[in-house]
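Here is a colleague's note, in numbered points. Please read it with the model open.

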Amino acid sequence: MGSSVSLAAAPPPPVAPPPALPVGLAQVLPQKAEEKGDGKAAPEKVDWLDLPCPVPYEELQREALMSLKPELFEGLRFDFMKMLNQRFALSHSVYMGSMEVPSQSSDVIKVPSSHYEFGANFLDPKLMLIGRVLTDGRMNARVKCDLTDNLALKIHAQLTNEPHFSQGMFQFDYKGKDYRSQFQIGNNAFYGANYIQSVSPHLSLGGEIFWIGHQRKSGVGFAARYNTDKMTVTGYFDQVATAQVASTGIVGLSYVQKVSEKVSLASDFMYNQMSRDVTSTFGYDYILRQCRLRGKIDTNGVVGALLEERLNMGVTLLLSAEIDHGKKDYKFGFGLTVGE
Amino acid sequence: MASKVSLKVKGKAKAGKGPKSKEQSTCELVKEWTTWAMKKTKVITHYGFIPLVILIGMNSEPKPHLYQLLSPV
């Protein structure tokens, strides 16, 4: 970046990778912008005092998760979303299939289950209300309210009829010029906070801490994200400390490359300190005109794919497959989505 | 009914303990009230959130008709 044909009188000092010293560079940069008048598009002048706002901390890995964690399901799924208004919609959803019951042994135990879910959505630019209720009485509620231009309140609650199984979480998000911070309060005395800051037009760094009172667990995490138009690299490092057990940690890295407008490839690496387990996932995401195909393959021997094909105006066919060669668990699902 | 229960407990606590009882019972009172409030909020949210969303939605512009709420078309 520092080597360019110098037509102006004073050559700039060599600044090939911009170091993180905003004060010194801000005086130098205007000259640099005038210099680069050669054929290709002039690279953007880096204004260190006007960096873009970073993505929210929980969406740090959103490109990777879109490709590598598609919503695979087993059984029949039918979703119907009916818009009554531009902002108000009702949704009906039917699911029939097997749900996996977590078991201690290596056997996979599946229990057939079915449910009907009714939901109501109200989406306003300032207020978003989403409620879903299932036939077994479980309710899922989400509220997102913009209190001011920069401060947003999010509430997420999962309520059940069984006592002590309900969960609720309040999140206060503050969006600054080039940073975001969030404070969370949840049930079971859960308190958390996270903060992410842009340090360059492409790089943002963040950290989080949380504390769970009832289980005496506390955790610290750091994350970094480097983002350009073509690729995204993220890394994170979490440490969780419990009162009785020694601390555990997770280290992860992900890389997403947007090969073209229609294709992107992703890979992910995760190391779990407690179980000394390493998992690596590779995935692809094809966004074509009529369909979207996502697939992944894992080092645990799991291969999965999800196809969403738009058949007609508003009707989408879903086909999902997940084969776990290690546990010999095969899940195939199909579904239809009507409406959005 | 809930307030009767809390008065009873307060009476018991005062009788049982010594001069520190006043501070402790205030603390316990606050805890009890927050627990009672959270339980009531949970029940109200469980039954009332979706009707609230539907109410807000039916009153937003342009107002949808009632039959649109129930018909599958």
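1. Start at a single bridge. Phe122(A) has Leu129(A) in E4(A) as its bridge partner. Note that this is a predicted model. Every value below is therefore computed from predicted coordinates.

2. Now the strands around that bridge. E3(A) runs antiparallel to strand E4 (residues 127-134) of chain A, and 7 bridges join them.

3. Strand E2 (residues 88-101) and strand E3 (residues 109-123), both of chain A, pair in the antiparallel sense. The pairing runs over 14 bridges. As a reference point, Ser91(A) stands opposite Gly119(A) in E3(A).

4. Next, the aromatic rings. How many aromatic pairs does a search of the whole structure find over all chains? The search finds 5. One of them brings together Tyr179(A) and Tyr195(A), with ring centres 5.7 Å apart and planes at 35°.

5. Tyr179(A) belongs to strand E8 (residues 179-186) of chain A, and Tyr195(A) to strand E9 (residues 190-198) of chain A. The pair therefore ties together parts that are 16 residues apart in sequence. Tyr179(A) is partly exposed, at 26% relative accessibility. Tyr195(A) is partly exposed too, at 37%. Ring pairs also bring in Tyr174(A), which forms a cluster with Tyr179(A) and Tyr195(A).

6. Then look at Tyr284(A) and Tyr286(A). Their ring centres are 5.5 Å apart, with planes at 85°, so this pair is edge-to-face. Tyr284(A) has a relative accessible area of 29% and is partly exposed. Tyr286(A) is also partly exposed, at 33%.

7. Arg77(A) lies over the face of Phe73(A). The distance from the ring centre is 5.0 Å.

8. Move to Thr234(A). Is this residue buried or exposed? Thr234(A) is buried, because its relative accessible area of 2% falls under the 20% limit. Thr234(A) sits in strand E12 (residues 231-242) of chain A.

9. Check the polar contacts of the Thr234(A) side chain. One is with the side chain of Gln61(A), at 3.1 Å. Another, of 2.6 Å, joins the side chains of Thr234(A) and Ser254(A). Leaving aside neighbours within four places in sequence, the residues in contact with Thr234(A) include Leu60(A), Ala224(A), Arg225(A), Gly252(A) and Leu253(A).

10. Finish with Leu253(A). This residue lies in strand E13 (residues 248-258) of chain A. At 47% relative accessibility, Leu253(A) counts as partly exposed. Which residues beyond four places in sequence are in contact with Leu253(A)? They are Thr234(A), Gly235(A), Ser267(A), Asp268(A) and Phe269(A). For Ser267(A), the C-alpha separation from Leu253(A) is 8.5 Å. Leu253(A) and Ser267(A) are 14 residues apart along the chain.

Definitions and conventions:
Residues numbered from 1 in each chain as written. Chains lettered and ligands numbered in written order. Predicted model: local features only at pLDDT ≥ 70, side-chain atom pairs only at ≥ 80, totals over all residues. Heavy atoms only, no water. Phe/Tyr/Trp six-rings, centres within 6.5 Å; stacked < 30°, edge-to-face > 60°. Helix = DSSP H or I, 4+ residues; strand = E, 2+ residues; numbered from the N terminus. Buried < 20%, exposed > 50% of the residue type's maximum accessible area, 1.4 Å probe, protein only. Lys NZ or Arg CZ within 6 Å of the ring centre and 35° of its normal. Polar contact = N/O pair within 3.5 Å; in protein donor to acceptor, adjacent residues only side chain to side chain. Contact = heavy atoms within 4.5 Å. Pairing = 2+ DSSP bridges.
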